[in-house]
Amino acid sequence: MTELESARPTPVLEVEDLHKHFERTKGFMRKVQGVVRAVNGVSFTLHQGETLALVGESGSGKTTTGRCLVRAIEPSSGNIHYLRDDDRIDVRAAARTELRELRQDVRMIFQDPFSSLNPRMTLQQLIGEPLLINNRVSSKAQLRERVAELLELVHLNPSYMNRYPHAFSGGQRQRIAIARALALDPKVVIADEAVSALDVSVQAQVLNLLKELQSERGLTYLFIAHDLAMVRYQSDRVAVMYLGKIIEISTRDEIFDNPLHPYTELLLASAPVPDPRRKRKRITARGEVPDPANRPSGCEFHPRCPYAQPICVIETPELTVAAPDAPSHQVACHFWQDLSLNPNPTNTKVDQT
C-alpha cells in the first residue's frame with residue numbers, strides 16, 4: 001500500500017440514493033391520499049473514526065435516515081453498504097441472521113432516555129440484555145462483571161446495577177443508554193439527538209463522555225442534531241439536510257466558516273451567539289417549510305430563498321463538488337458561485353476596551 005492510499009480515510013458505511021416514503025391514508029379502507037417523501041435521495045460515506053453530523057430543521061429527514069441505516073424502518077429504495085474487514089454487506093438485502101450480526105456492529109442511541117429504557121428492568125437487565133441475546137456471556141457472574149465494566153466505562157457506580165431507571169436523572173439515564181449501546185463493542189454508533197433532552201449543564205458532560213469513548217475505542221459516530229454549537233464542538237464533517245435531501249456537505253470548518261448554500265447560511269444565522277454585546281444582522285427565510293407530500297418544483301428551497309432566480313423554480317440542482325481543490329465540499333445550488341454568504345452576519349461588535 002502506498003503512502004497516499006494509507007492516508008485516505010477508510011469507509012465503513014456507504015449510502016447511495018436512499019429513499020423512504022410513507023403513504024398517507026384516510027378512512028376505514030385506508031385509502032392512500034398521498035405520499036410523504038421523508039428521505040428523498042440521500043447519499044454519503046461515513047469514514048472510520050470520524051463524527052459525521054446530520055443537521056437540519058425538524059422534519060428534514062435526519063432521524064428517518066438514521067433508522068433506515070439499521071433497518072429499524074425499511075427503506076423504500078437505495079443502497080446501504082456496511083464495510084467490515086474485507087466484507088461488503090448489503091444492508092437492504094441482508095437476511096435476518098446477517099442483519100442481527102450487523103446490528104452488533106452498528107448501534108443506536110435514542111433521543112429520549114426516559115422512554116428508551118424499560119422502567120420494569122434493572123440496569124443489569126437493561127445493559128445485559130444484548131449480551132444474553134447475542135451469547136456474549138456464559139454465566140450470571142460473567143454477566144454481572146461485564147455490566148459492571150460498562151457502568152464504569154460511562155462513569156456510573158457498578159453498585160447501581162440492581163436499581164431501576166426511575167432512580168436516575170436524565171443525564172444518568174443517557175449514560176445507561178450509552179453503556180447498553182456499547183455492550184456489544186460496536187464499530188459505528190448512530191446518536192439520534194443524544195443530548196437534546198438533557199439540561200444544558202449535563203449536555204457538555206455527555207458530549208465529553210462520547211468524545212472520550214471515541215478516542216479510547218475508535219468509534220465512528222453518525223451524529224443527528226440540530227444544535228449547531230454542539231455540532232461544531234463534536235463533529236468532523238457536517239451534512240446539511242432539507243426536505244429529505246443533503247443540500248451541502250463538507251468538513252466542519254468549511255461549513256461554519258464558508259457556507260455555500262443559502263439554507264446553511266440561514267441555519268448558522270439562527271444559532272445564538274454567547275455574547276450579549278455582539279449585534280447580528282437578522283436573516284429570515286420567507287414562508288414555512290413545505291409539506292413533504294406536496295414538494296415544490298425545481299430547487300425545493302426556492303419558495304423561502306432570498307436569492308432565488310427563475311431557473312430555481314424549474315430545475316433541481318444536483319449535489320456537486322464546489323471546487324477541485326476542495327473535493328470534500330459539495331453543494332446543491334445553482335448560484336453558489338455568485339453568492340457571498342456570511343457565516344456570522346454581524347453588524348456591530350461592541351468595543352471591549
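An open sheet of eight strands runs in the order β6-β7-β8-β3-β9-β10-β13-β12, with mixed pairing. Its edge strands are β6 (106–109) and β12 (320–323), and each pairs on one side only. Neighbouring strands of this sheet are turned by 25° against each other on average, direction ignored.

The model is predicted: local features need pLDDT of at least 70, side-chain atom pairs count only at pLDDT 80 or more, and totals for chains, interfaces and linings use all residues. Residues are numbered from 1 along each chain as its sequence is written, and side-chain values use heavy atoms, with hydrogens and water left out.

Some terms come next. Helices (H or I, at least four residues) and strands (E, at least two) are DSSP runs, numbered from the N terminus. Two strands pair if DSSP finds at least two bridges between them. Strands of a sheet pair through backbone hydrogen bonds, either parallel or antiparallel.

### Pairs within the sheets

A second open sheet has four strands in the order β2-β1-β4-β5, and its pairing is antiparallel. Here the edge strands are β2 (31–47) and β5 (87–90), each pairing on one side only. The twist averages 25° from one strand to the next.

| Strand pair | Sense | Bridges |
|---|---|---|
| β1 (residues 11–26) and β2 | antiparallel | 13 bridges |
| β7 (residues 188–192) and β8 (residues 220–224) | parallel | five bridges |
| β9 (residues 237–242) and β10 | antiparallel | six bridges |
| β10 and β13 (residues 326–331) | antiparallel | two bridges |

Individual residues mark these pairings. Leu18 stands opposite Val42 in β2. Ala191 has Phe223 in β8 as its bridge partner. Met241 faces Ile246 in β10, and Glu248 stands opposite Val331 in β13.

Strand β10 (residues 245–251) is mostly covered, with five of its seven residues buried. Buried means under 20% relative accessible area, exposed over 50%, and partly exposed in between (1.4 Å probe, protein chains only). The hairpin of β9 and β10 has two residues between the strands, and there Leu243 takes a positive phi near 50°.

Val35 is found in strand β2. Val35 and Phe22 are 13 residues apart in sequence, yet 5.6 Å apart in space, C-alpha to C-alpha. Leaving aside neighbours within four places in sequence, Val35 is in contact (heavy atoms within 4.5 Å) with His21, Phe22, Glu23, Pro292 and Ala293.

### Helices across the strands

Helix α2 (residues 62–69) lies across β1, β2 and β4 (77–84), running at about 115° to β1. Helix α3 (residues 96–105) lies across β6 and β7, at about 60° to β6. Axes are lines fitted to C-alpha atoms, for helices over the stretch in contact, and angles run from 0 to 180 degrees between N-to-C directions.

Helix α6 (residues 140–153) has 14 residues. Its buried residues include Leu143, Arg146 and Val147. Their cover includes α5 (123–133), α7 (170–181) and α8 (200–217). Just after α6, His155 takes a positive phi of about 65°.

Arg180 sits in helix α7. Beyond its neighbours within four places in sequence, Arg180 is in contact with residues including Arg107, Leu126 and Pro130.

How values were computed:
The expected span of a helix is 1.5 Å times one less than its number of residues.
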